[in-house]
Amino acid sequence: MPTSMIAGFALGFSLILAIGAQNAFILRQGLRREHVFILCLTCAVSDALLIGAGVAGFGTLAQAIPWFETVMRYGGAAFLTWYGLRSLQSAWQGGAVMEIGNGQRTSLKAALLTVLAFTWLNPHVYLDTVVLIGSISAQYDDRLGFALGAMFSSFVFFFSLGYGAGILSPVFTRPRAWQVLDVGIGVVMLGIALKLVIM
């Protein structure tokens, strides 16, 4: 495997490894075994498009349009705040409605819209995936190989997260475990939203 492809894979994987809003949602859906394949595919393809745009030079958009970063930042913060509060409310009301195999399932449309919002309304996606990967790729002669490595890392990560979450499913047959997870997700979402506002 070319050095540039390995470097792209390593960078891409490190950027999405940290638990964030998108990852937390995929983990939750993986635990519930709801629409896992299509949601993982959506995340990975979205990342691939953003990486491709960054390597192709789209990373200069934030510099060309001064208000772009501000709009993305506050829009993303508002969405994350809403979702974080909703997760905390769900934890407060109790996790029984979310037991695996029982309770109300999330529709495919709602799940897709949510994961697309987490992906495309998150300014960190543009700063990390587009700007950072795009600028670092310029250091390599084989920019295509670098981009393909970074794209492949997204597919490996999201499908591993989504389907690997199923291993933990026996733990989440207890409503209390879902409450703890929802609290954790809510705190992560609100923390990211706060960071976006004060950055």
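User: Leaving aside neighbours within four places in sequence, which residues is L80 in contact with?
Analyst: L80 is in contact with A21, F118, M189, I192, A193 and L196. Contact means heavy atoms within 4.5 Å.

User: What am I looking at, and how is it numbered?
Analyst: This is a predicted model, where local features need pLDDT of at least 70, side-chain atom pairs count only at pLDDT 80 or more, and totals for chains, interfaces and linings use all residues. Residues are numbered from 1 along each chain as its sequence is written, and side-chain values use heavy atoms, with hydrogens and water left out.

User: Back to the inside. Which residues touch the most other members of the largest nonpolar core?
Analyst: F25, I26, L80, F118, F158 and M189 do, in a core of 30 residues. A nonpolar core is a set of buried Ala, Val, Leu, Ile, Met, Phe, Trp, Tyr and Cys residues joined through side-chain atoms within 4.5 Å. Buried means under 20% relative accessible area, exposed over 50%, and partly exposed in between (1.4 Å probe, protein chains only).

User: Which helices each supply at least two residues of this core?
Analyst: α2 (21–32), α3 (36–55), α5 (68–93), α6 (108–120), α8 (143–164) and α9 (175–198). The largest share, seven residues, comes from α9. Helices are DSSP runs (H or I, at least four residues), numbered from the N terminus.

User: What lies apart from that core?
Analyst: Another core, of ten residues, including L11, V55, F146 and A150.

User: Now α3. Is D47 buried or exposed?
Analyst: D47, in helix α3, counts as buried because its relative accessible area is 3%. Beyond neighbours within four places in sequence, D47 is in contact with I16, T129, S154 and F158.

User: And T42, buried or exposed?
Analyst: T42 is also placed in helix α3. Its relative accessible area is 14%, so T42 is buried. Neighbours within four places in sequence aside, T42 is in contact with L112, V115 and L116.

User: Switching to the surface. Which residues make the nonpolar patch?
Analyst: F37, I38, L108 and Y163 make a nonpolar surface patch of about 370 Å². Such patches take residues with over 30% relative accessible area and no salt bridge, with nonpolar side chains (Val, Leu, Ile, Met, Phe, Trp, Tyr) joined within 5 Å and like charges within 9 Å. A salt bridge is a side-chain nitrogen of Lys or Arg within 4 Å of a carboxyl oxygen of Asp or Glu.

User: Why does Y163 count as partly exposed?
Analyst: Because its relative accessibility is 47%. Y163 lies in helix α8.

Key. Areas by Shrake-Rupley, 256 points an atom, 1.4 Å probe, with all protein chains shown as cover.
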